[in-house]
Every structure is written in C-alpha cells, then in structure tokens.
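Subject: Structure handover

Hello,

Here is the structure I promised to pass on. Please open it next to this email and follow along.

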Amino acid sequence: MKKETKTYRPNVAAIILSPKYPLICELFIASRTDIKNAWQFPQGGIDKTETPKEALYRELKEEIGTDSIDIIAEYPQWISYDFPPLVVNKMYPYDGQIQKYFLVRLREEGSINIHTEEPEFDEYRFVTMNEVFNYITYFKRPVYKQVLEYFKKKGYL
C-alpha cells in the first residue's frame with residue numbers, strides 16, 4: 001500500500017561565503033561523514049520551537065563549530081526535494097525535506113571546526129561558483145542550482 005501524501009522535514013540550509021567576500025566569491029562545501037563523496041552546504045532540521053534563523057545559527061554551531069556569520073540574504077520561498085532511495089530509510093518517516101535557504105558571510109573572526117561533538121563532515125573547502133557542482137551530490141544539484149541562480153540574479157554572487 002502506497003502513502004497518499006509525502007512528508008517533508010522542515011530544514012534550514014546555509015550558503016556560506018568566505019570572509020573574503022565581496023572581493024572574492026568562494027562558497028563553503030563539506031563532505032558528509034555518513035555518505036561517501038556527498039558534498040553539500042551545511043543544513044539541518046528546524047526544531048518545533050525555533051524560527052528558521054534560530055535554527056540556522058544553532059545548526060552552524062553544531063556542524064561547523066561557529067555561528068560567527070552575517071546574513072546577507074534569504075531565499076524568498078521554501079524549496080522541497082525528495083530523498084533518494086539510499087537516504088529515505090535513514091530519514092524515516094520523512095520522504096524529503098522542505099528547506100529555507102540563507103546566504104551568509106563568515107566573519108573574519110569566525111573559525112571553522114568540523115571536529116564537533118557529533119561530526120557530520122570529514123572534509124571541507126571553499127570553492128568558486130564554477131567549481132561547486134564538481135562536488136555537490138547529485139540529488140541536491142537542482143535545488144542548489146535554483147538557489148544560486150536566484151542569488152546571482154539579485155547581484156549577491
């Protein structure tokens with residue numbers, strides 16, 4: 001018997017620009033510890049009592065060891081995507097995620113530490129817009145393309 005409606009996990013995602021922005025436009029990406037060669041932007045669930053911005057700061061602190069950022073822009077809509085079969089069982093009861101994207105700049109004093117209490121990433125780097133899709137895992141590419149094109153069109157990237 002098939003489910004009638006899909007269930008999406010509320011989520012926040014951060015496109016992090018290096019402290020060199022706006023002189024140099026480099027994007028932070030990191031490789032997940034639990035899925036081989038799955039590079040992505042930091043993201044995480046929104047708790048019931050949190051606003052998306054509160055979740056953004058908490059998730060960044062948990063995932064990359066800093067919340068020393070400045071919010072530059074927010075994507076105006078929520079975007080959803082379905083998990084691939086490899087991920088769907090791990091994320092049960094959710095079929096995918098509905099995300100709020102933020103474009104943020106890492107402050108000069110912000111130092112990244114992926115060796116957190118519960119590490120989600122084992123490697124990270126800053127890459128150019130031209131390089132980002134050489135790394136990003138396949139099922140996140142359509143959403144990333146949509147969001148990055150919006151921020152580029154608005155003059156942020």
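Below is what I found, going from the whole chain to single residues.

First, the ground rules. This is a predicted model, so local features need pLDDT of at least 70 and side-chain atom pairs count only at pLDDT 80 or more, while totals for chains, interfaces and linings use all residues. Residues are numbered from 1 along each chain as its sequence is written, and side-chain values use heavy atoms, with hydrogens and water left out.

**The whole chain**

The protein chain has three helices and eight strands. Both are DSSP runs, numbered from the N terminus: helices are H or I with at least four residues, strands are E with at least two. Along the sequence the order is β-β-β-β-α-β-β-α-β-β-α. The radius of gyration is 15 Å, close to the 15 Å from the globule rule for 157 residues, so the chain is as compact as a globular protein of that length. That radius is taken over C-alpha atoms, and the rule is 2.2 Å times the number of residues to the power 0.38. The C-alpha atoms fill a box of roughly 55 × 35 × 35 Å along the principal axes.

How much of the chain is buried? The share is 45% of the 157 residues. Buried means under 20% relative accessible area, exposed means over 50%, and partly exposed is in between (1.4 Å probe, protein chains only). The accessible surface comes to about 8,900 Å², and 50% of it belongs to carbon and sulfur atoms. These areas come from the Shrake-Rupley method with a 1.4 Å probe; for residues, only the protein chains shown count as cover.

Now contacts, meaning heavy atoms within 4.5 Å. Take those between residues at least 6 apart in sequence: 72% of them join residues at least 24 apart.

**Pocket and cavity**

Both are found on a 1 Å grid over the protein atoms alone. A cavity is a set of points where a 1.4 Å probe fits but cannot get out; a pocket is an open set with protein on both sides within 12 Å along at least five of seven lines. Lining residues have an atom within 4 Å of a point. Points are joined across faces, edges and corners, and a volume is the space filled by probe spheres set on them.

The largest pocket has a volume of about 290 Å³. Of its 23 lining residues, the closest to the centre are Arg9, Arg32, Gln43, Lys90 and Met91. E1, strand E4 (43-45) and H1 each give two or more residues to this lining. E4 gives the most, with three. The lining divides into seven nonpolar, eight polar and eight charged residues. Here Ala, Val, Leu, Ile, Met, Phe, Trp, Tyr, Cys and Pro count as nonpolar, Asp, Glu, Lys and Arg as charged, and the others, Gly among them, as polar.

There is one cavity of 30 Å³ or more. The largest cavity holds about 30 Å³ of space. Its lining is Val12, Ala13, Ala14, Pro42, Gln43, Leu56, Glu59, Leu60 and Glu63. Strand E1 (8-17) and helix H1 (52-64) each give two or more of these residues. H1 has the largest share, four residues.

**Residues to look at**

Start with serine 31, in strand E2 (residues 27-32). Serine 31 is buried, at 7% relative accessible area. Beyond its neighbours within four places in sequence, its contacts include Trp39, Phe121 and Glu123.

Next, glutamate 123, in strand E8 (residues 121-127). Is glutamate 123 buried or partly exposed? Glutamate 123 is partly exposed, at 34%. Its C-alpha atom lies 15 Å from that of glutamine 43, 80 residues apart along the chain.

Aspartate 95 sits in the loop between helix H2 (85-88) and strand E7 (96-106). Aspartate 95 is buried, at 18%.

**Backbone details**

Which peptide bonds are cis? One runs from tyrosine 21 to proline 22, with omega near 10°. Proline 22 is in the loop between E1 and E2. Another joins tyrosine 92 and proline 93, with omega about 15°. Proline 93 lies in the loop between H2 and E7.

Finally, asparagine 37 has a positive phi of about 60°, although it is not a glycine. Asparagine 37 lies in the loop between E2 and strand E3 (39-40), and is exposed at 55%.

Best wishes
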